[in-house]
Amino acid sequence: MRGPLRRPFPRDWFVRKAGYRRFMVRELTSVFVGGYIVFLLVWLHQLGQGPQQYYALVEAMRHPLAVMLHVLALLAALYHSITWFNLTPIVMPLRIGEDRLPNAVVAIAMGYLPWVAVSGAILWGVLR
Amino acid sequence: MDDLLRLRGNLDDTMAKRMITLEVFRYRPDGDDEATIQDYRVPYHEHWVVLDALNWIKDHADGTLSFRWSCRMGVCGSCGMMVNGEPKLTCAVFLKDYYPSPIRVEPLINFPVERDLVISMDDFLAKLQAVKPWLIRDEEEPPEGEYLQTPSQLAQYQQFSMCINCMLCYAACPEIEGIPDFLGPAAIALAHRYNLDSRDQGQSQRQEALGSEEALWGCTFVGECTAVCPKNVDPAGAIQQAKVASTKDWYRNVLLPWGKR
Amino acid sequence: MKRSNEAFWWSLFSAGGIMAALFIPAFIVLTGLVLPFTTGGDADLGYERAHQVVTWWPVRIVLFVVVFLSLFHCAHRIRHILMDLGLRAVSTVLAALCYSGAAAGTVAALFVLGTL
């Protein structure tokens, strides 16, 4: 008797199934968000150093590579926002009496509406 | 009417001549060093599920093939296997969804294989028991007859009570293997189900199991457990909700250590 | 059984996830894609304006909270990605590296925002 057979779970599982791949992309957004935060700190630092340093940085940010990185970071951040709001009602379901509020209602009320409000306030507040 | 029936019979006969290949995982602990894949040609019927084909093999082709099954209707939870790499109840997947391609049938991944398609459930049962999936009351006897519950109290946990312990969720979870102490989807969903039950008073007892190192936190919310669940239990949701509850419990313990229940 | 402190890290991860989801896309649009191309032109979004906005105390506080929590959100996720990719054997080292990185970023944010 050799006893029960153990089979390893595939080590490359995260590329093997659409659901796993979506999960990995969702998690990897954090690399871009984290990278952007580091950039944001640099940007703030340069802003504190005075106009010369600030304009030097802004000049560098017109470089196509910098723009491309920002576009990538934006896509990642959008994917994070959307997946986060869509999962919110699953993590924190809301109930009225016997009925659980539809996921879409919770996602809009607790995610998308505040998102629009915050984004609008930021862009309007600075660009008006 | 007779003509119709005869026609139907003829049609069934022609269908029966069509065949489909099942590539079945074989492992005999008393003989094999490792697993092999054995091909079987099985008659194809449109209304057959994979389990019907396995039973045909067992009855007509190879009596040594071992697999678990019972109800044939998605209630008992014993016929879960990997079908073309996906955890499925074999009583619920039709041959017609794969025909004419061959179908690969393997035992559920993340479990030790006892023989052929039969897995060992020992680890799962130990985890299930650890979360005490039963009503816990402070007093021994129910006061008078049964405990009363309103429909809205029932609705709190009903979804999580539909679990049939088929273990498909464990086979879908990429974290199970690497984290032996992770309780896994079904066990946590059941723990959550009893914690949400208005008749239950055992949350603190269950928290001992749920609050320990990797019990809950092995989960990174991949969500595939929910995707494969044949009963729409949403174990992934249950785990995240249990994380929220466990986090509140953690802060309560840190901020109010003297206020222990 | 030992009570896990993962709940604490997870609470930071969750709070950070909310912050990042609400604030970061607009931040990226603003600092990365709009400001570089409007500064110096007709629409004056130059140094004066940027400095004026960022030094307003409510903005500083919001920036600090967003940066602090988002960093811990990212640290937690990156830690778990690395474990998923097969580094579970060194999970303690990973946790130390990821969270101390986030802590360092938080200290840096405190310094930068405090000295603007």
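Predicted model: local features only at pLDDT ≥ 70, side-chain atom pairs only at ≥ 80, totals over all residues.
View 1. On the α6(B) side, look for Pro185(B), Ala186(B), Ile188(B), Ala189(B), Ala191(B), His192(B) and Asn195(B). Their counterparts in α9(B) are Pro235(B), Ala236(B), Ala238(B), Ile239(B), Gln241(B), Ala242(B) and Ala245(B). Sorted by class, this contact holds 11 nonpolar and 3 polar residues, with no charged ones.

**View 2. Five strands of chain B make an open, mixed sheet.** Reading across the sheet, the strand order is β2-β1-β5-β3-β4. β2 (36-43) and β4 of chain B stand at the edges with a single partner strand each, so one side of each has no neighbour in the sheet. On average, neighbouring strands are turned by 35° against each other, direction ignored. Zoom in on strand β1 (residues 19-26) of chain B and you will find an antiparallel pairing with β2(B) over 8 bridges. A handy landmark is Thr21(B), which stands opposite Arg41(B) in β2(B). Helix α2 (residues 50-61) of chain B lies across β1, β2, β3 and β5 (103-106) of chain B, and runs at about 95° to β2(B).

**View 3. Chain B is assigned two domains.** Domain 1 covers 2-119 and domain 2 covers 122-259. Taken over C-alpha atoms, the centres of these domains of chain B are 33 Å apart. Where they touch, domain 1 of chain B supplies 12 residues and domain 2 of chain B supplies 13 residues. On the domain 1 side, β3 (80-83) and β4 (86-89) of chain B are the elements that give two or more residues. That side of domain 1 is made up of 8 nonpolar and 4 polar residues, with no charged ones.

**View 4. Chain A and chain C meet through 41 residues of chain A and 43 residues of chain C.** On the chain A side, two or more residues come from each of α1 (18-49), α2 (51-60), α3 (64-91) and α4 (103-127) of chain A. Look to α1(A) for the largest share, 16 residues. The classes on this side of chain A are 30 nonpolar, 8 polar and 3 charged residues.

**View 5. Chain B touches chain C with 11 residues, and chain C answers with 12 residues.**

**View 6. Helices α3 and α4 of chain C are roughly antiparallel.** The axes of helix α3 (residues 57-87) and helix α4 (residues 91-114) of chain C come within 9 Å and cross at roughly 165°. Angles over 145 degrees count as roughly antiparallel, and α3(C) and α4(C) are therefore placed in that class. The crossing of α3(C) with α4(C) is right-handed. Their contact brings together 19 nonpolar, 4 polar and 2 charged residues.

How values were computed: Residues numbered from 1 in each chain as written. Chains lettered and ligands numbered in written order. Contact = placed C-beta atoms within 7 Å. Helix = DSSP H or I, 4+ residues; strand = E, 2+ residues; numbered from the N terminus. Nonpolar A, V, L, I, M, F, W, Y, C, P; charged D, E, K, R; others polar. Domains from an automatic or database assignment. Pairing = 2+ DSSP bridges. Axes fitted to C-alpha atoms, helices over the stretch in contact; angles between N-to-C directions. Parallel < 35°, antiparallel > 145°, perpendicular 65-115°, else oblique. Left-handed = near helix turned anticlockwise from the far one by under 90°.
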